[in-house]
Amino acid sequence: MSQLHVINHPMIQHKLTIMRKKETGSKDFRQLLNEISLLMGYEVLRDLPLEDIQIETPICKMTGKEIAGRKLAIVPILRAGLGMVDGLHTLVPVAKVGHIGLYRNEETHKPVVYYCKLPEDIQKRLVILTDPMLATGGSACDAICMLKEKGCNNIRLMCLVGVPEGINKVQAEHPDVDIYVAAVDDHLNSDAYIVPGLGDAGDRIFGTK
Ligand code: PRP
Ligand code: URA
């Protein structure tokens, strides 16, 4: 069963509250999402395996630690997932970045794929799939299926705000994918928007409304 990790560090909660306010403009919204993504990244990557490495300090030889094993790929779901890339990239500058373009049909609320470009060796990497909003879960589930079709078997889903509907769908369809969120909100409204949520994340990041 996939695990749900709710990262409720006070700094993250404080920043998220500012993001939720309707009067917060695009510049601050983007900046806060960037900062939260970096902070969440610490938790998402908390269990990365380490291995010993022999080094020499200016004083003496010692055994240090370095990250072992799989390399990382960050895969944002366009558009809003892009807002979480820079924070993760600050933590792991060598991570490769793939892009999956999906938008929700406004009437059916079902995701429509329009773009997919992934690193060639994506199947060898630990994939952090990013999208601030986990609403019905349709977009995340479709993106995970696309990654699995490319051979990925180590995927983590990093969102900002989820609701039980979306979390349950991802856990049911992809029990191998752990989910990381900063908050679990109450429910979806009739337009499949998260309540209380923060509105349309893509529009708020890019100032398109
Ligand atoms: C939003 C959001 C997720 C999706 C979540 O994207 O960024 O990708 O909706 O909804 P779901 O869980 O019900 O699938 P949107 O379709 O608005 O596209 P955008 O990011 O380009 O604005
Ligand atoms: N997508 C968003 O951007 N916000 C929601 O509340 C739901 C889906």
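In this predicted model, histidine 109 is located in the loop that separates strand 6 from strand 7. The residue adopts a positive phi of about 65 degrees, although it is not a glycine.

Because tyrosine 103 belongs to strand 6 (residues 99-104) and tyrosine 114 to strand 7 (residues 111-117), the pair ties together parts that are eleven residues apart in sequence. Tyrosine 103 is partly exposed, its relative accessible area being 45%; tyrosine 114 is likewise partly exposed, with a value of 45%.

Arginine 104 is positioned over the face of tyrosine 193, at 5.5 Å from the ring centre. Alanine 192 lies in the loop connecting strand 14 (187-188) and strand 15, and counts as buried at 5% relative accessibility.

Two cis peptide bonds are described here. The bond from leucine 78 to arginine 79 has an omega near -5 degrees, and arginine 79 falls in the loop between strand 4 (72-78) and helix 3. The bond from valine 195 to proline 196 has an omega near 0 degrees; proline 196 is placed in the loop between strand 15 (194-195) and helix 6.

Helix 2 (residues 26-44) comprises 19 residues and extends 26 Å from its first C-alpha to its last, close to the 27 Å expected at 1.5 Å a residue. Its buried residues are Phe29, Leu32, Leu33, Ile36, Ser37, Met40, Gly41 and Val44. An α-helix has 3.6 residues a turn, so residues three or four places apart point the same way. The cover over the buried residues of helix 2 includes helix 1 (10-20), helix 3 (85-91) and helix 6 (201-206), together with strand 8 (126-130), strand 10 (155-158) and strand 12 (178-181).

An open sheet of three strands was also identified, in the order 9-11-13 and with parallel pairing. Strand 9 (133-134) and strand 13 (183-184) form its edges, each pairing on one side only. Strand 9 and strand 11 (residues 161-162) run parallel and are joined by two bridges. Within this pairing, methionine 133 has valine 161 of strand 11 as its bridge partner.

Key: Residues numbered from 1 in each chain as written. Chains lettered and ligands numbered in written order. Predicted model: local features only at pLDDT ≥ 70, side-chain atom pairs only at ≥ 80, totals over all residues. Heavy atoms only, no water. Helix = DSSP H or I, 4+ residues; strand = E, 2+ residues; numbered from the N terminus. Buried < 20%, exposed > 50% of the residue type's maximum accessible area, 1.4 Å probe, protein only. Lys NZ or Arg CZ within 6 Å of the ring centre and 35° of its normal. Pairing = 2+ DSSP bridges. Expected span 1.5 Å × (residues − 1). Contact = heavy atoms within 4.5 Å.
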